[in-house]
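Thanks for sending this one over. Here are my notes, point by point, for you to follow with the model open beside them.

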Amino acid sequence: MTDCRTIAVANQKGGVAKTTTVASLGAALAELGQRVLVVDLDPQACLTFSLGLDPDTVELSVHDVLLGRVAASMAIHPTPDGPDLLPSTIELAGCEAMLLSRTGREYTLRLALDEVRPSYDVILLDCAPSLGVLTINALTAADEVLMPLQCETLSHRGVGQLLDTVHDVQRLTNRGLSVLGVLPTLFDSRTTHAREVLADVSTRYGLDVITPPIAKSVRFAEAPATGRSILRTAGRTPGAAGYRALARRIAGVADTSEGADADLAGEGALPVDDIAPPVEDVDRVIDLTAAEGVHT
Ligand code: ADP
Ligand code: MG
């Protein structure tokens, strides 16, 4: 046994900030001195690209690892943001079909990661927008699942399906899997609707909602093209602070950084949509600000 903690970031809906969360949280954990591996499990390879690697020139990827061609350690790259990356390429699209014919297909990633687990404190798995074999592999390999949720009408429908899958995995392939919580992303503070959706998801499914939510900000859209996460391109925004707060909770460290509050206040004239609001009326909340005196 090692102390490595593996977290799958999953939601079968696309565009809810799974990849952004893995890149930002990974960088925030690395800032805290954690040894971090991020794994790209999406054939679209957005994580790979956004961490500065060209998927078209990657020679060995998670695809080769899952097919047993190479050990995971042979396909891992360092990245400028700090975490190591097990990259993806479009080849991964064919991997599901190949895995389907294999015995023990759900355990392939879990077994492959055993080799590198002792080298890391945290492994983050960036899932594709589906509940297919690759996502089942991620949930089977994980200790916890983090669910980014864009709070809009019908968001809860996806949560129900994802939870059904989580329960199946808990029953069949990974009894140790637990739900870390729902992470509200692309949060628009100007609408009360977003809060209503969160409150509904929390009561309906009995899920913990992580607060502060990650506010919607154009700064996030700019980051991937630079090959760096938002922690490097816009490190003093509330969104970056939100990911840092979550990283501290995962790493189990108190907020001792200089000017942690200034990170939130220091930007001065932030656009309205950069201000993360408090979440009220939600039954079950993991409040990252309460313990640390961070004000939103
Ligand atoms: P997923 O991996 O779930 O498909 P992504 O992380 O790729 O989602 O995010 C989808 C899009 O939303 C990307 O263009 C990303 O830059 C943007 N995005 C992510 N988080 C935020 C945010 N907090 N504010 C604004 N845009 C965001
Ligand atoms: Mg993605």
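1. Let's begin with the backbone of Ala17: one of its N or O atoms lies 3.0 Å from an oxygen atom of ligand 1. Please keep in mind that this is a predicted model, so treat each distance here as a property of the prediction.

2. Most residues other than glycine have a negative phi. You will find Ala17 in the loop between strand S1 (5-9) and helix H1.

3. For Phe220, the distance from a polar backbone atom to an oxygen atom of ligand 1 is 3.4 Å. As for burial, ligand 1 taken alone exposes 560 Å², and the protein buries 78% of that.

4. On placement, ligand 1 sits in the largest pocket. Two elements, helix H1 (18-31) and helix H10 (218-222), each give two or more residues to the shell around the ligand. H1 supplies the largest share of that shell, with three residues.

5. How many residues surround ligand 1, and which are the closest? There are 14, and the closest are Gly15, Lys18, Thr19, Thr20 and Ser217. Sorted by class, the shell has seven nonpolar, five polar and two charged residues.

6. Now to the aromatic rings, where the count comes to one pair. Its members are Phe220 and Tyr243, arranged edge-to-face, with 6.1 Å from centre to centre and 65 degrees between the planes. The angle is over 60 degrees, so the pair counts as edge-to-face. This pair links distant parts of the chain: Phe220 belongs to helix H10 and Tyr243 to helix H12 (residues 238-251), and the two are 23 residues apart.

7. One last item for your checks is a peptide bond. Thr211 and Pro212 are joined by a cis peptide bond, with omega at about 10 degrees. Most peptide bonds are trans. Pro212 is placed in the loop between strand S8 (209-211) and H10, and H10 is one of the elements giving two or more residues to the ligand shell.

Conventions:
Residues are numbered from 1 along each chain as its sequence is written. Chains are lettered from A and ligands numbered from 1 in the order in which they are written. This is a predicted model: local features need pLDDT of at least 70, side-chain atom pairs count only at pLDDT 80 or more; totals for chains, interfaces and linings use all residues. Side-chain values use heavy atoms; hydrogens and water are left out. A residue is near a molecule or strand if one of its heavy atoms lies within 4 Å of it. A polar contact is a pair of N or O atoms within 3.5 Å; within protein, one must be able to donate a hydrogen and the other to accept it, and residues adjacent in sequence count only if both atoms are side-chain atoms. Accessible areas come from the Shrake-Rupley method with a 1.4 Å probe; for residues, only the protein chains shown count as cover. On a 1 Å grid over the protein atoms alone, a cavity is a set of points where a 1.4 Å probe fits but cannot get out, and a pocket is an open set with protein on both sides within 12 Å along at least five of seven lines; lining residues have an atom within 4 Å of a point. A molecule sits in a cavity or pocket if more than half of its atoms lie within 2 Å of its grid points. Helices (H or I, at least four residues) and strands (E, at least two) are DSSP runs, numbered from the N terminus. Ala, Val, Leu, Ile, Met, Phe, Trp, Tyr, Cys and Pro count as nonpolar, Asp, Glu, Lys and Arg as charged, and the others, Gly among them, as polar. Rings of Phe, Tyr and Trp (its six-membered ring) pair if their centres lie within 6.5 Å; planes under 30 degrees apart count as stacked, over 60 as edge-to-face and the rest as tilted.
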